[in-house]
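This report treats the strand pairing, the disulfide, the nonpolar core, the salt bridges and the aromatic pairs in turn. The sequence and the structure come first.

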Amino acid sequence: QVPLRETGGGLAQAGGSLRLSCAASGRTSSMYRMGWFRQALGKEREFVAAIRWSDSRTYYPDSVKGRFTISRDNAKNTVSLQMNSLKPEDTAVYYCAADINPTGGNWDYWGQGTQVTVSS
């Protein structure tokens, strides 16, 4: 098991910034990658960012590239998402995810989610 605990989120104005953090515990020595997803009301969950544990390679969709930055703290087994130039369409519940299987292709563990609301 890899429990995930998210912190951060809240309310921001358009153009502002927020930072999310996710602390992993348990089988962190098996970590392959960690990432963030989001789900807006009435929409499907979508990928936001990911970081590969072995080399810190990062991945982003075009919708957040250049505005969001994912980073990791090895010592604390924590991954953070710095969100800048926020837009109202970034409003969603943000979920942290962890993948411990490099060949599985799926995300194995999920956090409870944290609300991010961006006002115009």
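In what follows, a residue is called buried when its relative accessible area is under 20%, exposed when it is over 50%, and partly exposed in between, with a 1.4 Å probe and protein chains only. The model is predicted, so local features need pLDDT of at least 70 and side-chain atom pairs count only at pLDDT 80 or more, whereas totals for chains, interfaces and linings use all residues. Residues are numbered from 1 along each chain as its sequence is written, and side-chain values use heavy atoms, with hydrogens and water left out.

**Sheet**

Strands (E, at least two residues) and helices (H or I, at least four) are DSSP runs numbered from the N terminus, and two strands pair if DSSP finds at least two bridges between them. Strands of a sheet pair through backbone hydrogen bonds, either parallel or antiparallel. Here four strands form an open sheet in the order E1-E3-E8-E7, with antiparallel pairing. Its edges are strand E1 (4–8) and strand E7 (68–73), each of which pairs on one side only. From one strand to the next the twist averages 15 degrees, where axes are lines fitted to C-alpha atoms (for helices over the stretch in contact) and angles run from 0 to 180 degrees between N-to-C directions.

Strand E3 (residues 18–24) runs antiparallel to E1 and is joined to E1 by five bridges. In this pairing Arg 5 stands opposite Ala 23 of E3, and Thr 7 has Ser 21 of E3 as its bridge partner. E3 also pairs with E8 in the antiparallel sense, over six bridges, and there Leu 18 stands opposite Met 83 in E8. E3 is mostly covered, since five of its seven residues are buried.

**Disulfide and core**

How many disulfides are there, if a disulfide is a pair of cysteine sulfur atoms within 2.5 Å? The count comes to one disulfide, which joins Cys 22 to Cys 96 with an S to S distance of 2.0 Å. Cys 22 lies in strand E3 and Cys 96 in strand E9 (residues 92–99), so the pair ties together parts that are 74 residues apart in sequence. The torsion about the S-S bond of Cys 22 and Cys 96 is about -85 degrees, and the disulfide is therefore left-handed. Both Cys 22 and Cys 96 are buried.

A nonpolar core is a set of buried Ala, Val, Leu, Ile, Met, Phe, Trp, Tyr and Cys residues joined through side-chain atoms within 4.5 Å. The largest nonpolar core has 30 residues, of which Leu 4, Met 34, Trp 36, Leu 81, Met 83 and Tyr 94 touch the most other members. Two or more residues of this core come from each of E3, strand E4 (33–39), strand E5 (46–52), E7, strand E8 (78–83), E9 and strand E11 (114–119).

**Salt bridges**

A salt bridge is a side-chain nitrogen of Lys or Arg within 4 Å of a carboxyl oxygen of Asp or Glu, and the structure holds six salt bridges. Three of them are among the following.

| Salt bridge | Closest N and O atoms |
|---|---|
| Asp 90 and Arg 38 | 2.9 Å |
| Arg 52 and Asp 55 | 2.6 Å |
| Arg 67 and Asp 90 | 2.8 Å |

Asp 90 lies in the loop between E8 and E9 and Arg 38 in strand E4, so this pair ties together parts that are 52 residues apart in sequence. Asp 90 is buried, with a relative accessible area of 0%, and Arg 38 is buried at 6%. Arg 67, in the loop between strand E6 (58–59) and E7, is 23 residues from Asp 90, and this pair likewise links distant parts of the chain. Arg 67 is buried too, whereas Asp 55 counts as partly exposed at 41% relative accessibility. A network of salt bridges links Arg 38, Glu 46, Arg 67 and Asp 90.

**Aromatic pairs**

A pair of aromatic rings is described by the distance of the centres and the angle of the planes. Rings of Phe, Tyr and Trp (its six-membered ring) pair if their centres lie within 6.5 Å, and planes under 30 degrees apart count as stacked, over 60 as edge-to-face and the rest as tilted. The count comes to three aromatic pairs. Among them is the edge-to-face pair of Phe 37 and Trp 107, at 5.4 Å centre to centre and with 80 degrees between the planes. Phe 37 lies in strand E4 and Trp 107 in the loop between E9 and strand E10 (109–110), so the pair ties together parts that are 70 residues apart in sequence. Phe 37 counts as buried at 11% relative accessibility, and Trp 107 is buried with a relative accessible area of 16%. Ring pairs link Phe 37, Phe 47, Trp 107 and Trp 110 into a cluster.

Methods. Disulfide = S-S within 2.5 Å.
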